[in-house]
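Let's take a walk through this model, one piece at a time. Have the sequence and the 3D view open as you read.

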Amino acid sequence: MIPFKAKATSTAAAYKAENDKRNSWISQKKLPMDESSFLLYLLDRAKQIGSSALAKISAAYQTANEGISAIGASFVSDIIKSKRREESLLKKTVVEVTVEDVQKITMLAMKEDNPERDRDALLAILSFNVMLRVSEAAEIKWAGVKQKDGMIEVQVEKAKNDQLRLGRSSFFNYEPGSADILMCRWRLRTKGKCPYVFSHLNSSKKLSKGAISTLSTKMLAAIGKPGATHHCFRRGGANHMRRIGHSMEEIQCRGRWRSTAGLQRYLTDVPTAQGCLQSKGAETDDEDDDD
């Protein structure tokens, strides 16, 4: 158990769950509990899951078995690389969401007395500026959102890089007159019935991850961004910070990425990120993709 105790609690639990699934599959197939059976299991799972999930299965196996043979490690690497190439061929065109798009959504809400628009615009503002994953957005509570002196703090209770499950705080500055007003209006509409920020219009319960995804796609399509998803807010927020000169460390910290390698897949190449002064009106390069 020592290798598991050395891991963060959430990581150890995830690895144990993966090993239980593997052992169950091997038992059902009446195979021996050895490395060869693990490799067969990995091949079988590769038909249904992505490269990241395959890497987690491998890490779980190696934690429980104190490593893997050189031949086995090479085979695992080949399986994962093959899956990544397959995924790269299936990638969809990424729709870029910019700060101007969020401003359009915000202005539509400000012009109307519509609680649904208020909620959706607040979702866009927080998702873009705090780079929320849809699972994180679903768990945001009013108690974890604070505003003071032109800055908003959002407490993310279930962040991927929060290995100790203590919660993470992300901050962003805002111009008075939009985000603060929408937040107050939506909170008054809910009348404190639901502790979660993003709830149904009658405030009976929080929105599910699926509902948030659907709302995001709908509101982005309404401003001329068909095909965009909630994840586009996260990508767009990261690239906006990049364009205005924030460091990789700052973007990684605010967006709660576990590594700069994971963050880099989201970022496009811009002159300012490479130490170049950019003249006004200059165009920036676009389009990258993500996990």
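**A helix, a sheet and a serine**

Start with helix α7, residues 115-129: its 15 residues reach 21 Å from the first C-alpha to the last, close to the 21 Å expected at 1.5 Å a residue. Keep in mind that this is a predicted model.

How much of α7 is buried? Of its 15 residues, 12 are, so the helix is largely enclosed by the rest of the structure. The buried stretch includes D118, R119 and D120 as well as L122, L123 and F128. Now look at the two ends.

Three strands make an open sheet, ordered β1-β2-β3, with antiparallel pairing. The edges belong to β1 (145-148) and β3 (168-173); each has a single partner strand, so one side of each is left without a neighbour in the sheet. On average, neighbouring strands here are turned by 20 degrees against each other, ignoring direction. Zooming in, β1 and β2 (residues 151-156) run antiparallel and are joined by 4 bridges. K146, for instance, has E153 in β2 as its bridge partner.

Last stop: S51, which you'll find in helix α4, residues 51-65. Is S51 buried or exposed? Its relative accessible area is 5%, and the cut-off for buried is under 20%, so S51 counts as buried. Leaving aside residues up to four places away in sequence, S51 touches I80, K83, R84 and E87.

Key. Residues numbered from 1 in each chain as written. Predicted model: local features only at pLDDT ≥ 70, side-chain atom pairs only at ≥ 80, totals over all residues. Heavy atoms only, no water. Helix = DSSP H or I, 4+ residues; strand = E, 2+ residues; numbered from the N terminus. Buried < 20%, exposed > 50% of the residue type's maximum accessible area, 1.4 Å probe, protein only. Contact = heavy atoms within 4.5 Å. Pairing = 2+ DSSP bridges. Axes fitted to C-alpha atoms, helices over the stretch in contact; angles between N-to-C directions. Expected span 1.5 Å × (residues − 1).
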